[in-house]
Amino acid sequence: MRQLTQLDQRLNQLYHNMSLRCGLSDAAHCILYAIYGASRPYTQQDLCQDWSYSKQTVHSAVTLLRQRGYVVLRPLPQSRNQKAVELTEEGRRFCQSAVVPLRQAEILALARLTSEERRLFLSLYRRQVDSLKEELDKIFLSTE
């Protein structure tokens with residue numbers, strides 16, 4: 001378990017360093033990563049759910065990205081109050097240095113594994129995370 005936690009920390013540090021190089025918080029960088037080339041509009045609620053950030057963290061990161069001119073909020077036609085977080089042209093240009101190199105590195109790193117190794121890795125990692133969540137839920141739900 002210690003080795004897995006250390007590897008997780010190393011991975012988190014790699015992403016954190018990339019965020020710092022871009023002059024962004026981890027959450028702001030992750031939001032750009034999520035919405036760049038996304039196949040669907042992302043709301044702030046979607047970003048919270050899909051990327052495991054709190055509402056306050058997403059709101060703060062989106063506010064920063066809006067101030068820098070990288071994103072805008074656009075009302076969704078089918079919703080009364082939900083807005084999509086969308087890249088501006090300036091945001092798209094910024095993503096060429098902030099997101100594209102990271103995605104390329106991820107693809108090249110994963111390509112070093114066979115398709116079977118990738119499938120197995122994702123399956124086992126997902127199972128470990130889900131199992132840990134279940135165990136933690138048992139501990140914390142039993143004490144409430």
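**Ground rules**

I number residues from 1 along each chain as its sequence is written, and side-chain values use heavy atoms, with hydrogens and water left out. Since I am working with a predicted model, local features need pLDDT of at least 70 and side-chain atom pairs count only at pLDDT 80 or more, while totals for chains, interfaces and linings use all residues.

**Entry: T88**

I began with T88, which sits in the loop between β3 (83-87) and α5 (89-98). My helices (H or I, at least four residues) and strands (E, at least two) are DSSP runs, numbered from the N terminus. Is T88 buried or exposed? I found T88 buried, at 17% relative accessibility. For the record, buried means under 20% relative accessible area, exposed over 50%, and partly exposed in between (1.4 Å probe, protein chains only).

Next I looked at what the side chain of T88 meets. One of its polar atoms lies 2.5 Å from the backbone oxygen of G69. The backbone nitrogen of G91 is 2.9 Å from a polar atom of the T88 side chain. I count a polar contact as a pair of N or O atoms within 3.5 Å; within protein, one must be able to donate a hydrogen and the other to accept it, and residues adjacent in sequence count only if both atoms are side-chain atoms. Leaving aside residues up to four places away in sequence, T88 touches G69, Y70, V71 and V72 (contact means heavy atoms within 4.5 Å).

**Entry: G23**

I found G23 in the loop between α1 (2-21) and α2 (26-35). G23 is partly exposed, with a relative accessible area of 38%. I also noted a pairing across the sequence: G23 and A98 are 75 residues apart in the chain, yet their C-alpha atoms are 9.2 Å apart in space.

**Entry: salt bridges**

How many salt bridges does the structure hold? I have eight on my list, each being a side-chain nitrogen of Lys or Arg within 4 Å of a carboxyl oxygen of Asp or Glu.

I looked at D50 with R40, where the closest N and O atoms are 2.4 Å apart. This pair links distant parts of the chain, with D50 in helix α3 (residues 44-51) and R40 in the loop between α2 and β1 (42-43), 10 residues apart. D50 is partly exposed at 39%, and R40 is partly exposed at 36%. I also noted that R40, D46 and D50 are linked in a network of salt bridges.

E86 and R74 also pair up, at 3.0 Å from N to O. Here strand β3 supplies E86 and strand β2 (residues 71-75) supplies R74, a link between distant parts of the chain, 12 residues apart. I have E86 as partly exposed at 31% and R74 as partly exposed at 45%.

My last pair was E116 and R119, with the closest N and O atoms 2.5 Å apart. Both lie in helix α7 (residues 115-142), three residues apart, about one turn of the helix. E116 is partly exposed at 43%, and R119 is partly exposed at 46%.

**Entry: nonpolar patch**

Which residues form the nonpolar patch on the surface? I wrote down L110, L113, F121, L122, Y125 and V129, with about 500 Å² of accessible area together. Areas come from the Shrake-Rupley method with a 1.4 Å probe; for residues, only the protein chains shown count as cover. Patches take residues with over 30% relative accessible area and no salt bridge, joining like charges within 9 Å and nonpolar side chains (Val, Leu, Ile, Met, Phe, Trp, Tyr) within 5 Å. Helix α7 gives the most to the patch, with four residues. L122 lies in α7 and is partly exposed at 47%.
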